[in-house]
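The sequence and structure come first.

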Amino acid sequence: MAGNSFGKLFKITTFGESHGVAIGVIIDGCPAGLTIDTDFIQSELDKRKPGQSKITTQRKESDIVQILSGTFEGKSTGTPISLLIPNEDQRSKDYGHNVDVYRPSHADYTYDAKYGIRDHRGGGRSSARETAARVAAGAIAKLFLKEKGIEIFAHVTAVGQINAPNFNSNNLAEALNIREENIVRCADPATANQMIDFIDSVRKDGDTVGGKVGCIIKNCPVGLGEPVFDKLHADLGKAMLSINAVHGFEYGSGFAGSEMRGSEHNDVFLAGDKPKTLTNYSGGIQGGISNGMDITFITAFKPVATIMHNQQTINAAGEAAEIKGKGRHDPCVVPRAVIIVEAMAALVLADHLLRQRSNRL
């Protein structure tokens, strides 16, 4: 199946299914000599793994990563890095009811129509389980970015209609501590409590709810991004929209910018040794190229499609049928999606950092 690779120079290819033996990723293009901190990679996976709290799926996976190749004495060798994450808690019997029935708003019908075959066990390759491989690869990309002083921070900014206020983006260490002290991963404690209570009530109703993840990238150098088709915001958008359940992406002023006048929206330059802008409606990207200001974007996630209610659908023969969700599912994906958003952003920046090296003599 095509479409399993992402990136051009810092390139990843993921493999595996939700209920298979394992999932994993091969990273090609990571420069040699990078210190591979396995504890950090594991800590990133721990933030995404299922079974973390009452507002996430209760599937139990330790997600212990195994590095199979590409490192020697704790350093990258410049050869492909292979990471493997075994599956431990599959319950394929939970999906016996939908062998020949399509779940509404899932990939069941489209995969079957495209390939003529589908893995009904948890969605197979279309499952969000695949994103663990991205987080593992993204952790290595983060290690590379850290060498350049680049910081990436994401947190839950909305659940349903509950929106968090702007946080102090000048102190990401403090924001990170606050985020990790609550199970919804919101950088505002008061809003986090409201979100948790709401998600839990939705879960008890057998329903699901969507949300938003905001992300800020600090200390990105000027010049990343290509001028036409591989604009930096275009690649960030592709990266975010490739994540399961993502239905929207906006950067900088986003859709709100369309309601403004140019005299309001233009980011006026300030004189100095390092040019800055008075405002940042551009979201740190102009002409598809980073301008040195903070890169900001928001990713919107739809409600999880599996709900514990009876729903009308069809079977493989096109006949009317009824289905009710079973098994273990997230009532809201955004608490675990935070780290996935960061990982995909890191992969984009790592790729463009390497590409930028070839743009000048």
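## Ser82 and strand β7

Ser82 is buried, with a relative accessible area of 12%; buried means under 20% relative accessible area, exposed over 50%, and partly exposed in between, with a 1.4 Å probe and protein chains only. Ser82 belongs to strand β7, residues 81–86. Helices (H or I, at least four residues) and strands (E, at least two) are DSSP runs numbered from the N terminus. Neighbours within four places in sequence aside, Ser82 is in contact with Val25, Ile26, Gln66, Ile67, Leu68 and Ser69, where contact means heavy atoms within 4.5 Å.

## Basis of the values

The model is predicted, and local features need pLDDT of at least 70, side-chain atom pairs count only at pLDDT 80 or more, and totals for chains, interfaces and linings use all residues. Residues are numbered from 1 along each chain as its sequence is written, and side-chain values use heavy atoms, with hydrogens and water left out.

Helix α6 spans residues 232–241 and contains Ala239. This helix is mostly covered, with 7 of its 10 residues buried: Leu232, His233, Asp235, Leu236, Gly237, Ala239 and Met240. Ala239 counts as buried because its relative accessibility is 0%. Apart from neighbours within four places in sequence, Ala239 is in contact with Phe6, Arg134, Met344 and Val348. Glu322 is 83 residues from Ala239 along the chain, and the C-alpha atoms of the two are separated by 34 Å.

Helix α8 covers residues 334–356, 23 residues in number. From its first C-alpha to its last, α8 reaches 32 Å, close to the expected 33 Å at 1.5 Å a residue; the expected span is 1.5 Å times one less than the number of residues. Of the 23 residues of α8, 22 are buried, so this helix is largely enclosed by the rest of the structure.

## Cysteines

A disulfide is a covalent bond between the sulfur atoms of two cysteines. With the cut-off that the pair of cysteine sulfur atoms lie within 2.5 Å, the structure holds 0 disulfides. Cys30 is in no disulfide, and the nearest cysteine sulfur, that of Cys220, is 18 Å away. Cys30 is buried, with a relative accessible area of 3%.

## Cavity and pocket

On a 1 Å grid over the protein atoms alone, a cavity is a set of points where a 1.4 Å probe fits but cannot get out, and a pocket is an open set with protein on both sides within 12 Å along at least five of seven lines; lining residues have an atom within 4 Å of a point. Grid points are joined across faces, edges and corners, and a volume is the space filled by probe spheres set on the points. There is 1 cavity of 30 Å³ or more. The largest cavity holds about 70 Å³ of space. Its lining has 12 residues, of which Arg103, Thr306, Gln311, Ile323 and Gly325 lie nearest the centre.

The second largest pocket has a volume of about 460 Å³. Residues 151–159 (β8), 211–218 (β10) and 295–301 (β16) form the elements that give two or more residues to its lining. The lining has 18 residues, with Asn166, Phe167, Cys215, Thr296 and Ile298 nearest the centre.
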